Amino acid sequence: MSTPAEPDGPAGGSFFDPGRPEGGASPTPPRGSATGRSARQKRAVSARIARPPTGTMPRVLIVVGSGGVGKTTISAALALAAARAGQRALVCTIDPARRLVDALKVGVLGDAPIDVPADALRGAGVELPEGAVLRAAELDMRRTWDRLIQYAAPTPEVARRLAENPLYQRVVDGLSGSHELAAMERLLELDAEEAQDLIVLDTPPGRHALDALAAPDDLLSNLDSGVLKLLGGMSRAGLGLAARGAQAVLGRVAGMIGGKTIEEVARFAGAFYDMADGLRVRAEGVQRLIQDPQRTGFVVVSSARPAAVEGALALIEALGERKLPIVRAIINRAAPRIDDSAARLLEAPDEARRRFADAVRSGVPDARVAVAALDAAVALARRTRVESERIARIAAALPAGIPTAVVADRGRSLAGLSDLAEVAAELS
Amino acid sequence: MDLLERQFILVTGKGGVGKTAVAAALALVAARRRKRVLVVGLEPRDALGPRLGVEPAVSPSPHAAVPPFLHLARVDPDSAALDFFEAHLPTRGMARLLHSSSLWRTIYGATPGLKDIVVAGKLARLVLGKEPAFDHVIVDAAATGHLEALYAAVDTAVSVFGGPIGREATALASLFTDRARTAVHIVCLPEQMSILEARDLVGRAARRGIPLGALIVNDLPSPWGAAERDVALPGDLVRARLWPDAVPYLDRAMNLARMRALSAMESLVQGGDLDLPKIALPAVDDAADDPGVVRSLADAIVAPDPRLAVFIERPQGVSS
């Protein structure tokens with residue numbers, strides 16, 4: 001793989017060589033790179049995905065949901081449940097709360113998976129079967145992107161050029177929506193290591209997670225390959241070589257925002273263009289992995305609050321459109337089921353209150369507490385009723401046969417590993 | 001603190017804390033005071049309209065008058081860019097042509113901070129504009145991370161960009177950081193993670209020139225004497241007055257309610273030394289329709305429940 005790629009486009013003359021595909025078609029790979037990393041990698045990734053799942057290939061659960069529903073905690077609980085069932089399970093988190101990290105007793109979570117110590121689990125009343133393990137990691141944007149561009153670049157020089165570009169920092173910071181891409185890339189890496197039986201992947205909140213799973217050519221939002229190619233060509237050959245029409249547009253844009261910025265963007269886009277082929281290989285690998293129901297399942301997490309439920313419904317629809325396999329929905333922090341007493345209270349709450357009126361009036365000790373508890377009970381029962389309707393909507397939106405699990409509201413956030421174990425038990 | 005002290009108000013907070021409802025509630029309070037207020041959403045899907053019981057505005061008009069005082073608009077990077085071009089290019093036709101070119105779209109998408117500057121510019125025009133003039137422009141702003149990015153973009157725009165964007169940048173930076181005209185309110189939940197996030201932002205705000213207003217703690221439960229010792233359900237009384245099986249459910253409901261209160265209290269104590277005025281908002285019955293929720297929040301802003309003060313007041317004897 002030592003042949004450096006020839007520069008794309010002729011050394012002088014027009015960039016718009018009539019022989020090259022233009023516009024929406026995939027750009028022809030530059031000469032030389034086809035024999036490089038990209039093609040070899042493509043064969044390896046294809047071969048891997050084409051094999052039927054063997055004992056060594058991990059199963060993948062991708063956890064999606066709106067912000068604030070407890071996705072990260074649920075992800076960790078799912079991994080713990082799998083570990084209890086005898087698997088080597090890894091949870092890869094995005095932005096875990098301090099409390100969760102502390103609960104796992106692994107010190108600091110980072111790029112490399114780390115085992116949750118057996119005695120920490122034992123202390124929480126969890127004894128794992130022989131050979132099982134719970135591991136945790138946190139997505140490291142910088143490292144993941146640095147590795148990705150190494151994989152994707154046809155030569156180390158191209159990777160270095162991009163890494164040194166000041167706009168690359170923005171990608172690494174995740175502000176350009178690159179969190180989701182990085183999560184998927186990390187998934188591909190972890191899958192290839194075959195060191196786990198199950199990988200549970202936490203995702204950033206909301207629908208963007210699914211945008212990253214769009215067709216491989218839509219890798220970088222708003223960058224269409226024809227224009228990308230143009231910008232890439234410009235960065236090497238100088239702005240002056242652009243076709244007249246494009247030049248007019250560029251002139252106007254430069255007039256609006258300043259010419260220096262355009263040059264920087266052109267250089268940045270150029271570096272990405274050089275990796276387009278390699279990035280596409282990775283993206284196709286991700287696509288095939290996540291669309292294979294034998295390998296991957298999506299878990300939709302929601303709370304019972306209206307906004308989260310709307311978010312979950314939108315996600316279920318979007319997953320269906322992309323033919324991505326949902327394996328379950330989980331409603332977190334739900335009010336408890338209504339028992340007979342609760343039902344009775346719901347029917348006639350005022351009557352129930354009246355039964356305490358005289359006790360309150362005559363100052364019976366704790367009568368006020370009883371009334372307060374009664375009010376809380378009525379409110380809770382009402383809440384359960386409303387939540388049940390919302391949960392039913394989610395259940396109805398799921399494909400046939402896909403279950404909805406409900407995790408109880410504890411009134412507080414996770415306090416430690418034993419809390420996590422309780423949630424894991426509810427999800428088993 | 002009066003949440004409506006300034007003309008330009010941005011409401012920020014992580015996803016799921018109730019930013020949109022709070023922004024809508026603030027707008028309603030202002031409108032009730034007979035102020036001309038514009039409330040603005042930045043999301044692609046209109047979330048404010050349903051909260052206020054209004055159909056989303058049909059383009060091209062960006063404002064939909066609700067009652068005479070309350071106006072609703074959506075600002076998105078795309079239409080804000082078109083707006084900008086129309087203001088700075090000789091003809092509408094040229095503006096449209098440039099705006100629809102894929103070259104522009106690529107550069108727009110790939111240039112860091114450019115979308116933020118364009119959106120900020122549109123917001124500034126709404127604030128400073130005379131036709132119409134608003135007493136308040138309230139923005140249902142992005143989550144805290146993006147808000148910081150917006151401020152960073154505004155800050156560096158002068159040196160990074162040229163042309164009219166660069167020229168606008170100075171005026172923008174001035175408005176967005178002006179304590180006399182602008183306030184950024186942070187909405188959070190009474191949960192550890194949410195409070196810590198808010199605290200992080202408060203820590204960085206000064207450096208970024210973000211003029212913080214108040215910390216709005218949303219979704220507070222009934223206090224249940226959260227600071228007091230154990231409360232036990234009088235089982236005999238309940239069994240006598242209701243029925244024998246009533247105790248477990250009442251007990252469970254009471255314990256859940258007390259746990260919520262204790263947990264809220266604990267999280268706020270932990271974030272306690274945040275040097276920012278705090279506003280307490282109650283958990284609202286979300287079975288009500290969205291406009292009902294917003295009305296309840298507006299009522300709570302105008303007439304705060306004194307029982308919730310226990311959550312946001314500093315405990316006696318703690319040194320500042």
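**Notebook: chains A and B of a predicted model**

I began with chain A: among its contacts (heavy atoms within 4.5 Å) between residues at least 6 apart in sequence, 80% join residues at least 24 apart. I note that this is a predicted model, where local features need pLDDT of at least 70, side-chain atom pairs count only at pLDDT 80 or more, and totals for chains, interfaces and linings use all residues. Residues are numbered from 1 along each chain as its sequence is written, chains are lettered from A and ligands numbered from 1 in the order in which they are written, and side-chain values use heavy atoms, with hydrogens and water left out.

**Entry 1: chain A overall**

I looked up the secondary structure and found 17 helices and 8 strands in chain A. Helices (H or I, at least four residues) and strands (E, at least two) are DSSP runs, numbered from the N terminus. Of the 428 residues of chain A, 52% count as buried; buried means under 20% relative accessible area, exposed over 50%, partly exposed in between (1.4 Å probe, protein chains only).

**Entry 2: the sheet of chain A**

I traced an open sheet of 8 strands in chain A, with the order 3-4-2-5-1-6-7-8 and mixed pairing. Strand 3 (114–115) and strand 8 of chain A stand at the edges with a single partner strand each, so one side of each has no neighbour in the sheet. Two strands pair if DSSP finds at least two bridges between them.

I then checked two of the pairings. Strand 2 (residues 88–93) and strand 4 (residues 133–138) of chain A run parallel and are joined by 6 bridges, with A:Leu90 opposite A:Arg135. Strand 7 (residues 326–334) and strand 8 of chain A are also parallel, over 4 bridges, and here A:Ala329 stands opposite A:Thr404.

Which residues of strand 8 (residues 404–408) of chain A lie on its covered face? I found A:Ala405 and A:Val407 there, while A:Thr404, A:Val406 and A:Ala408 lie on the uncovered face.

**Entry 3: helix 17 of chain A**

I listed the buried residues of helix 17 (residues 417–427) of chain A, among them A:Leu417, A:Leu420, A:Val423 and A:Leu427. The buried residues of this helix pack against helix 2 (71–84), helix 3 (98–104), helix 4 (118–123), strand 7 and strand 8 of chain A.

**Entry 4: chain B overall**

I counted 13 helices and 8 strands in chain B. Its C-alpha trace spans about 85 × 45 × 35 Å along the principal axes. Of its 320 residues, 52% count as buried.

**Entry 5: two helices of chain B**

I found that the axes of helix 6 (residues 114–128) and helix 7 (residues 144–160) of chain B come within 9 Å and cross at roughly 90°. Axes are lines fitted to C-alpha atoms, for helices over the stretch in contact, and angles run from 0 to 180 degrees between N-to-C directions. Helix 6 of chain B is therefore roughly perpendicular to helix 7 of chain B; angles under 35 degrees count as roughly parallel, over 145 as roughly antiparallel, 65 to 115 as roughly perpendicular and the rest as oblique. On the side of helix 6 of chain B, the contact is made by B:Asp116, B:Ile117 and B:Ala120.
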